[in-house]
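Okay, thanks for making time this morning.

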Amino acid sequence: MEQYQLVYDALNKMNIPYDVVEHPPVFTTEEADSYIVGKEGVRTKTLLLCNKKKTAYYLVIMDDAKRLDMEKLAEMVGEKRLSFCSPERLMEKMGLIPGIVSIFGLLNNTDHDLKVYLDNEMLSEKYISFSPNDSTKTIFISIEDMYKFLLVLGYEYTILEL
């Protein structure tokens, strides 16, 4: 089954309404944003980070226009240093390739070992956009339904000022 269909099925099962915009394949948030001009909602980037020993994993979701201060985040989560996970580790942890990382990759995290961090600045919006684990689609859900998605999957989340 296609990754996006797994996402749609999960959202339908959770009674979470969603809106999908289909577009040519994109692998950056800037490319994706060009196809969703005029749609209400914060555009996000989702980053999978790990500590130096690769024993702790952090899924960070923030406005795609914002730059992440990795040193500040490392300090906030009690790590000396954080780095981006390799493509191999991303595939192992989320079943995804670089360029389509999103909150919906949690559906593939069989180890249930990712810590989820949300940037507070984006949470005042009504809607939020993600890749449904597919480079040819952008999906919009409400912020409230994003929280519901996380909780139904059993993930706690932490809101930070990034």
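Predicted model: local features only at pLDDT ≥ 70, side-chain atom pairs only at ≥ 80, totals over all residues.

Let's begin with lysine 66. Once you leave aside its neighbours within four places in sequence, lysine 66 is in contact with Lys45, Asp119, Glu121 and Leu162. Its place is the loop between E3 and helix H3, the helix that runs over 70-76. So is lysine 66 buried or exposed? It counts as buried, because its relative accessibility is 16% and the cut-off for buried is under 20%.

Next, the core. The largest nonpolar core has 36 residues, and the ones with the most contacts inside it are Ile103, Phe104, Leu118, Phe130 and Met146. Who builds it? H1, E2, strand E3 (57-63), H4, E5, E6, E7 and H5 each put in at least two residues. The largest share, 5 residues, comes from H5. There is also a second, separate core of 14 residues, and Leu47, Leu49, Met62 and Leu82 are among its members.

Leaving aside neighbours within four places in sequence, isoleucine 103 is in contact with Thr46, Leu59, Ile61, Phe130, Met146, Phe149 and Leu150.

That brings us to H5 itself, residues 143-153. Which residues of this helix are buried? Ile143, Asp145, Met146, Tyr147, Phe149 and Leu150. So you'll find an aspartate, Asp145, in that buried set.

Now for two residues in neighbouring parts of my notes, serine 129 and phenylalanine 140. Serine 129 lies in strand E6, and at 4% relative accessibility it counts as buried. Not counting residues up to four places away in sequence, serine 129 touches Ile36, Val42, Arg43, Thr44, Thr138, Ile139 and Phe140. Phenylalanine 140 lies in strand E7 and is buried too, with a relative accessibility of 4%. With neighbours within four places left aside, phenylalanine 140 is in contact with Pro17, Tyr18, Asp19, Val21, Ile36, Lys39, Glu40, Arg43, Ile128 and Ser129. And how far apart are the C-alpha atoms of phenylalanine 140 and valine 42? They are separated by 9.1 Å, while the two residues are 98 residues apart along the chain.

On to the pocket. The largest pocket holds about 580 Å³ of space. It is lined by 33 residues, and Thr29, Thr46, Gly99, Ile100 and Val101 lie nearest its centre. Helix H2 (29-33), strand E2 (42-51), helix H4 (87-94), E6 and E7 each supply at least two residues of that lining, and E2 gives the most, with 6 residues. By type, the lining residues divide into 14 nonpolar, 12 polar and 7 charged.

Then the cysteines. How many disulfides does a search of the whole structure find? It finds 0. Cysteine 50 is in no disulfide, and the nearest cysteine sulfur, in cysteine 85, is 3.7 Å away.

Last stop, a couple of backbone angles. Asparagine 15 has a positive phi, near 55°, in a residue other than glycine. You'll find asparagine 15 in the loop between H1 and strand E1 (19-22), and it is exposed, with a relative accessible area of 63%. Lysine 54 also isn't a glycine, and its phi is positive at about 60°. Lysine 54 sits in the loop between E2 and E3 and is partly exposed, with a relative accessible area of 38%.

Technical notes:
Residues numbered from 1 in each chain as written. Heavy atoms only, no water. Disulfide = S-S within 2.5 Å. Buried < 20%, exposed > 50% of the residue type's maximum accessible area, 1.4 Å probe, protein only. Helix = DSSP H or I, 4+ residues; strand = E, 2+ residues; numbered from the N terminus. 1 Å grid on protein atoms, 1.4 Å probe; cavity = no way out; pocket = protein on both sides within 12 Å on 5 of 7 lines; lining within 4 Å. Points joined across faces, edges and corners; volume = space filled by probe spheres on them. Nonpolar A, V, L, I, M, F, W, Y, C, P; charged D, E, K, R; others polar. Core = buried A, V, L, I, M, F, W, Y, C linked by side-chain atoms within 4.5 Å. Contact = heavy atoms within 4.5 Å.
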